[in-house]
Amino acid sequence: MLRVDRLVAGYDGGIALHEVSLEVATGSVQALVGRNGAGKSTLVHAIAGLLTPYAGTIELDGAQLAGLPPHKAARAGIGLVPQGRRVFPRLTVAEHLTLAETSARGRRRDGAWTVPRVLDLLPRLGERSRHRGDQLSGGEQQMLAIARALLTQPRVLLLDEPCEGLAPGLAARIRELVAELAGTGLTVLLVEQQLHHALQVADRVAVLEYGRLVYDHPADEVRVDLAPVEEMLSLGTDRPAAGGNSLSDGSTPAAAAGAGAEHPARPFPRR
């Protein structure tokens, strides 16, 4: 299980996440939705080790991750598919996959992801193996980013807006892929702006608003009554972070760090 507890994080002393707590059960898909600037990517970056939290804990199956650098978070089982894909423009598809596979040597276990297995899941990448990253379409780049993350042998896959900027058909294929990966037992934290997209694959839906987690319920409940979540996403609430850069106990981020530290479509079937 991935467990985030009272996480406080931000940039240059400012707070973007206010004591966020979230649990993602093993083998489930947790959707995280919210408007621009809500703190979704900040949470993903903190889990992946790209951002050191001011306070709070991040645990994966009991092992502490908060404050680990990205390569150690990856070794602990965190795989990241970043917003914007971020493939290397001059490397070929084959070179991307080889680098990712090489980086994870020593972490393979039964059912490990290999290049042949990834290409079986994403055959288009096999057809484009000699093409550079900058020669791929947006959808192909996203598939490559997912394949690269899988080859690091993650236990938890962080997907930061994987359908952003894609044509509807390609976006639907990415959502199908998320469902297929969940069907293998992989734990997924899916960041989305579009609620109806998230509901096609999610087991639970959480909402971030002004850096605070304001909602976390089973996706089936959301499908029955969309209104509460739709209101949060369209209107928000007039609840900016109280106290600016102060924590709930009045301390500063630096002190905390020093102290401790449309209608939803039918869900895709799991295979």
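Analyst: Two strands are said to pair if DSSP finds at least two bridges between them. The model discussed here is a predicted one.

User: How many bridges join strand 1 and strand 2, and in which sense do they pair?

Analyst: Strand 1 covers residues 2–11 and strand 2 covers residues 14–24. Gly-10 has Ile-15 of strand 2 as its bridge partner, and Val-4 stands opposite Leu-22 of strand 2. The sense of the pairing is antiparallel, and the number of bridges is seven.

User: Which residue in the hairpin of strand 1 and strand 2 takes a positive phi?

Analyst: Most residues other than glycine have a negative phi. The hairpin has two residues between its strands, and a positive phi near 50 degrees is found there. The residue that takes this value is Asp-12.

User: Which strands stand at the edges of the open sheet?

Analyst: The open sheet is formed by four strands in the order 2-1-4-5, with antiparallel pairing.

User: How many residues of helix 1 are buried?

Analyst: Buried means under 20% relative accessible area. In helix 1 (residues 40–48), the buried residues include Lys-40, Ser-41, Thr-42 and His-45 as well as Leu-43, Val-44 and Ile-47. The helix is largely enclosed by the rest of the structure, because the number of its residues that are buried is nine of the nine.

User: What is the phi of the glycine that follows helix 1?

Analyst: The residue after helix 1 is Gly-49. Its phi is positive, with a value near 90 degrees.

User: Which residues have the most contacts inside the largest nonpolar core?

Analyst: This core has 36 residues. The elements that give two or more residues to it are helix 3 (93–103), helix 4 (115–121), helix 6 (138–150), strand 7 (156–160), helix 7 (168–183) and strand 8 (187–192). Another core lies apart from it, with 28 residues, among them Leu-2, Leu-17, Val-191 and Ala-206. Within the largest core, the residues with the most contacts are Leu-122, Ile-146, Leu-150, Leu-157, Leu-159 and Leu-181.

User: With which residues is Leu-159 in contact, leaving aside its neighbours within four places in sequence?

Analyst: Leu-159 is one of the residues with the most contacts inside the largest nonpolar core. Beyond its sequence neighbours, its contacts are Val-81, Ile-146, Val-178, Val-188, Leu-189, Leu-190 and Val-191.

User: How far apart in space are Ala-31 and Leu-199?

Analyst: Ala-31 lies in strand 3 (residues 29–33) and is buried, with a relative accessible area of 0%. Leaving aside neighbours within four places in sequence, its contacts are Leu-190, Ala-198, Ala-202, Arg-204, Val-205 and Ala-206. Ala-31 and Leu-199 are separated by 168 residues in sequence, while their C-alpha to C-alpha distance is 7.9 Å.

User: Which helix gives the most to the lining of the largest pocket?

Analyst: About 440 Å³ of space lies in this pocket, and its lining has 17 residues, of which Pro-70, Ala-74, Ile-78, Leu-80 and Thr-152 lie nearest the centre. By class, the lining comprises nine nonpolar, four polar and four charged residues. Helix 2 (70–76), strand 6 (78–81) and helix 6 each supply at least two of the lining residues. With five residues, the element that gives the most is helix 2.

User: Is Gln-153 buried or exposed?

Analyst: Gln-153 sits in the loop between helix 6 and strand 7. Its phi is positive, about 60 degrees, although it is not a glycine. With a relative accessible area of 4%, Gln-153 is buried.

User: What is the relative accessibility of Glu-161?

Analyst: Glu-161 is in the loop between strand 7 and helix 7. Its phi is near 50 degrees, a positive value in a residue other than glycine. Glu-161 counts as buried, its relative accessibility being 9%.

Definitions and conventions
Residues numbered from 1 in each chain as written. Predicted model: local features only at pLDDT ≥ 70, side-chain atom pairs only at ≥ 80, totals over all residues. Heavy atoms only, no water. Core = buried A, V, L, I, M, F, W, Y, C linked by side-chain atoms within 4.5 Å. Buried < 20%, exposed > 50% of the residue type's maximum accessible area, 1.4 Å probe, protein only. Contact = heavy atoms within 4.5 Å. 1 Å grid on protein atoms, 1.4 Å probe; cavity = no way out; pocket = protein on both sides within 12 Å on 5 of 7 lines; lining within 4 Å. Points joined across faces, edges and corners; volume = space filled by probe spheres on them. Nonpolar A, V, L, I, M, F, W, Y, C, P; charged D, E, K, R; others polar.
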